[in-house]
Amino acid sequence: SYRVQFPDIVADTIAAGVRASASLPLYRSDGTVLGALAFAWTDPTVFGAKLEAALRAVGVLCVETVERAERYDADHELVVAMQRRLLGDLPSLSGIETAARYLPATASLAVGGDWYEGLLLGKTRMALVVGDVTGHGIAAAADMALVRGMVSALLHSGVATPDVFSELSAVLSQRSGLLLATAALVVVDIEHETVTFATAGHPPPLLRLPDGEVRRLDSANSPLIGGPRARRVADIAPFPKGSMLVMYTDGLVERRDRPVDYGINIAMSRLHAIADDATGVDIIEALIDELINDHVAEDDIALLVMHHTGRLPETPARNAEPIEAIEVPAKRPRCGSPVRRSMRPTLPTVEMVRAASAGQVIEPSGGNDYFYQERNFPILLDAQLEVVAQALICNAARVVALMPMYVTSDFDFS
């Protein structure tokens, strides 16, 4: 029947010197067809029960191999998607620039449990965490998500830096399965120019001061997260303007052919030689080139850089001359009065609005007097100014609510 159904294939097979052949359908574990497997012999072959069983066993192994590869690809895509979701953008804080990079291991398609996180703790404080959960694959990604979420929750709830890792270990110890992780935590305070740090079995953050000195922040290390001997520990280091902080996982500095300390020393030397005006991306690229280069990365790498620039957000240029203090009459205008009429001392006049539009603000100096101070506000065109002034004067209640936005701002004007 084979000769009748496929005469061309038979002719080509004989021309190739094949004297016997066998084909087996391949079925997935759910019963769907995967494909077919063909065997060929150049000598006459007797097909018995033993040979048939052997061929069918090979077919089963082929199906299992293909299904295993498909499951691996699906798991890998799931882990990669989860990791990308977890490793989002870092928060922004005036005076601080950050950059981060995640590199999966190139020796294997397995995704590990390396991660980083950033969290604002007020107007002048930011927490940064870099961690590594043991294992690879979906289990490691799930553990990473758990640890990362718990650390963020502890920091957000106000837990002090020395207590974060000990509290985390206390919670993880209640789980039935063993979960071990390492992490480094820093809390930067730009107002006081300090960095509070703690590590748990993790390579130390590297601090580069403005004079080029590079320090290891290794004086506050505790055992692995999830271990039985967690303890409260933290330390403080200066973080003045111009300082740079580098956090990383062990994949950056550890290799089979050299100890971890040697890799850290290389990173410190490269960081010392980096240009003072280097950006976070420049530092990341320099460290990867120095420590990895063409070497096959054997482990995942999470790398994070923070730079204390001390710069505030740029503001539009101001071309108006400072305005002398003006007297604010106590008479309140009627709605629809000329925009230049006076109003009560508690409400702004058109001159106040014009001063604010020129980058200035009138603030109370006691009694009913006001004085002008330079502030970072956008400049309004004259036409826009008149419209704004009319709206302010005709709605006193709204003016009272709006003026604090000008007088007291979240910006740092120092």
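This is a predicted model: local features need pLDDT of at least 70, side-chain atom pairs count only at pLDDT 80 or more; totals for chains, interfaces and linings use all residues.
Local features were taken only where pLDDT is at least 70 and side-chain atom pairs only at pLDDT 80 or more, while totals for chains, interfaces and linings use all residues. Residues are numbered from 1 along each chain as its sequence is written, and side-chain values use heavy atoms, with hydrogens and water left out.

The protein chain contains 10 helices and 15 strands, where helices (H or I, at least four residues) and strands (E, at least two) are DSSP runs numbered from the N terminus. Of its 414 residues, 41% are buried, that is, under 20% relative accessible area with a 1.4 Å probe and protein chains only; over 50% is exposed and the range in between is partly exposed. Among contacts (heavy atoms within 4.5 Å) with a separation of 6 or more, 64% are between residues 24 or more positions apart.

The mean pLDDT (the predictor's confidence in each residue, from 0 to 100) of the protein chain is 75, and 70% of the residues score at least 70. By element, the mean is lowest in helix α10 (residues 396-407), at 34, and highest in strand β8 (residues 206-208), at 97. In residues 312-414 the pLDDT is below 50; this stretch has 136 contacts in the model beyond near neighbours in sequence.

The second largest pocket has a volume of about 340 Å³. A pocket is an open set of points on a 1 Å grid over the protein atoms alone, with protein on both sides within 12 Å along at least five of seven lines; lining residues have an atom within 4 Å of a point. The lining of this pocket comprises 20 residues, of which Asp-132, Thr-182, Gly-201, Pro-203 and Asp-250 are the closest to its centre. Strands β4 (112-120) and β5 (125-136) each contribute at least two lining residues, and β5 provides the largest share, with 5. By class, 4 lining residues are nonpolar, 10 polar and 6 charged.

Helix α4 (residues 137-156) has 20 residues and should therefore span 28 Å at 1.5 Å a residue, which agrees with the 28 Å between its end C-alpha atoms. The buried residues of α4 include Gly-137, Ala-140, Asp-143, Arg-148 and Leu-155. Just after α4, Gly-158 has a positive phi of about 95 degrees.

A positive phi also occurs in a residue other than glycine: Glu-193, near 55 degrees. Glu-193 lies in the loop between β6 (181-189) and β7 (194-200) and is partly exposed, with a relative accessible area of 35%.

Methods:
On a 1 Å grid over the protein atoms alone, a cavity is a set of points where a 1.4 Å probe fits but cannot get out, and a pocket is an open set with protein on both sides within 12 Å along at least five of seven lines; lining residues have an atom within 4 Å of a point. Grid points are joined across faces, edges and corners, and a volume is the space filled by probe spheres set on the points. Ala, Val, Leu, Ile, Met, Phe, Trp, Tyr, Cys and Pro count as nonpolar, Asp, Glu, Lys and Arg as charged, and the others, Gly among them, as polar. The expected span of a helix is 1.5 Å times one less than its number of residues.
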